[in-house]
Amino acid sequence: MDLSDSGNLIRIPNLSSIAPNLTELNLSGCYKVKDCPEIPCNIRILKLDGTGIEQLPSSIKHLSQLEKLFLPNCSNLASLPESIKQLSNLKLLNLEGCERLKSLPGLPSCLELLDATNCLSLESASISFNFLEHDDENEETHKSESEDCKFLDFSNCVKLNKKVMEDVFEAHLLGQKVTLLMAGGEVPEWMRYKNKGSSLSFKLDLRHLIAFSFCFVLRPRGGFYFPRFKVDFICESGNRRERHAFNLFSDKWIYLDPLSHVLLSFIGLRTRSTFIELRTRFDEERFVKASFCFADEEIIMECGVHPIYSRDKRRSRNEKHQDDEECQSLLQILEDESKRRRINNEEEASSSS
């Protein structure tokens, strides 16, 4: 049912009684409608953007078939009901330009896209829906790259608490494929490796490597697609033996102006088809370093990478720091041994000549 841009419409009748099988309702631009009508339980797409609705009823939890909820530019809307977490099929929630919205409650675990761009009053957001721990040892490797991914877009939410970034990072440690975009000017301190510019190299502990958490600081330069990057894996002898190119949400266009933003993303070694073969090679090759180079140099001010190991999921940060020291010691031994062998080989070659 399309009632969009009905400027004289003030009230909507009880649709549950007159159209019980309705699956889509469009009230976009009905700016005089202030009360959300009774919605049929079969509704799948609900568009309320630009309406005068001030709040959603708690009964929204009964919309068990709802997949897409559009609320952009609902400028009197100040909060969402806690019951929104019970929408078991909700994949998309659009809150763009809801300037009075100050906080977000817990959201459904099935949510894939949250668009909260230009929510200028937003201060906090509960993203506990991310924390559904995966068992990496049993996770199916044939899943598609996009399956079970989540994208949280908080562009230009200048008041948003940085705890959201910490929560997303913790979700990465639990194996959650979550991408976050929010205002910020630096890679957070808890990223294990970081560098100015668009490239960095670092040592690897191959024993339990399962994923990477990436972080980029993006310049405010208008619109562009998500950054692309290449990865070189370097073996013990110093040779670059593997190269892979990746696109993060390759079809996603973002617009950043006038603030710099932080993009935090996740890639698992067990779920991306291009990494499956590589993961098996880790048991055969002695890769000791990785080198990341991001193609869009002009938009990246700073970058960071945090390798994620299976043990990270159940350990405190202090324990992880201890592991880092052990890892660096082990890799230093390997590097010294490799250097020693090269020197011996050169000396033998020189003496034989």
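Okay, a definition before anything else: when I say buried I mean under 20% relative accessible area, exposed is over 50%, and partly exposed is in between, using a 1.4 Å probe and protein chains only. This is a predicted model, where local features need pLDDT of at least 70, side-chain atom pairs count only at pLDDT 80 or more, and totals for chains, interfaces and linings use all residues. Residues are numbered from 1 along each chain as its sequence is written, and side-chain values use heavy atoms, with hydrogens and water left out.

Let's start with salt bridges, meaning a side-chain nitrogen of Lys or Arg within 4 Å of a carboxyl oxygen of Asp or Glu. How many salt bridges does the structure hold? There are 3.

Take the one inside a helix. Helices here are DSSP runs of H or I with at least four residues, strands are runs of E with at least two, and both are numbered from the N terminus. Lysine 163 and aspartate 167 pair up, with their closest N and O atoms 2.9 Å apart. Both sit in helix H2, 4 residues apart, so to speak about one turn of the helix. Lysine 163 is partly exposed at 47% relative accessible area, while aspartate 167 counts as buried at 15%.

Next, glutamate 302 and lysine 196, where the closest N and O atoms are 3.4 Å apart. Glutamate 302 belongs to strand S19 (residues 300-309) and lysine 196 to strand S10 (residues 193-196), so this pair ties together parts that are 106 residues apart in sequence.

Arginine 44 is in the loop between strand S1 (24-26) and strand S2 (45-47), and glutamate 67 is in the loop between S2 and strand S3 (68-70), so parts 23 residues apart in sequence get tied together. Arginine 44 is partly exposed at 36%, and glutamate 67 is partly exposed too, at 30%.

On to the inside. By nonpolar core I mean a set of buried Ala, Val, Leu, Ile, Met, Phe, Trp, Tyr and Cys residues joined through side-chain atoms within 4.5 Å. The largest one has 63 residues, and those with the most contacts inside it are Leu69, Leu71, Leu93, Leu95 and Phe154. Which elements each supply at least two residues of this core? They are S8, H2, strand S9 (178-183), strand S12 (209-218) and strand S17 (261-268). H2 gives the most, with 6 residues.

Zoom in on leucine 93. Contact, for me, is heavy atoms within 4.5 Å. Leaving aside neighbours within four places in sequence, leucine 93 is in contact with Leu69, Leu71, Leu80, Ile84, Leu107, Leu111, Leu113, Leu114 and Asp115. There's also a second, separate core of 27 residues, which includes Phe214, Phe226, Cys303 and Tyr309.

Now the loop between S8 and H2, where serine 155 is found. Is serine 155 buried or exposed? Buried, with a relative accessible area of 4%. The serine 155 side chain makes a polar contact with the side chain of aspartate 153 at 2.4 Å; that term needs a pair of N or O atoms within 3.5 Å, and within protein one must be able to donate a hydrogen and the other to accept it, with residues adjacent in sequence counting only if both atoms are side-chain atoms. Beyond four places in sequence, the contacts of serine 155 are Ala116, Thr117, Asn118, Leu181, Leu256 and His261.

Serine 4 sits in the segment before helix H1 (15-18) and counts as partly exposed at 24% relative accessibility. From asparagine 26, serine 4 is 22 residues away in sequence and 5.7 Å away in space, C-alpha to C-alpha. Not counting residues up to four places away, serine 4 touches Asn26, Leu27, Ser28 and Cys30.

Cysteine 36 is in the loop between S1 and S2, and at 19% relative accessibility counts as buried. Leaving out neighbours within four places, cysteine 36 is in contact with Leu48, Ile53, Gln55, Leu56 and Pro57.

That's my tour, thanks.
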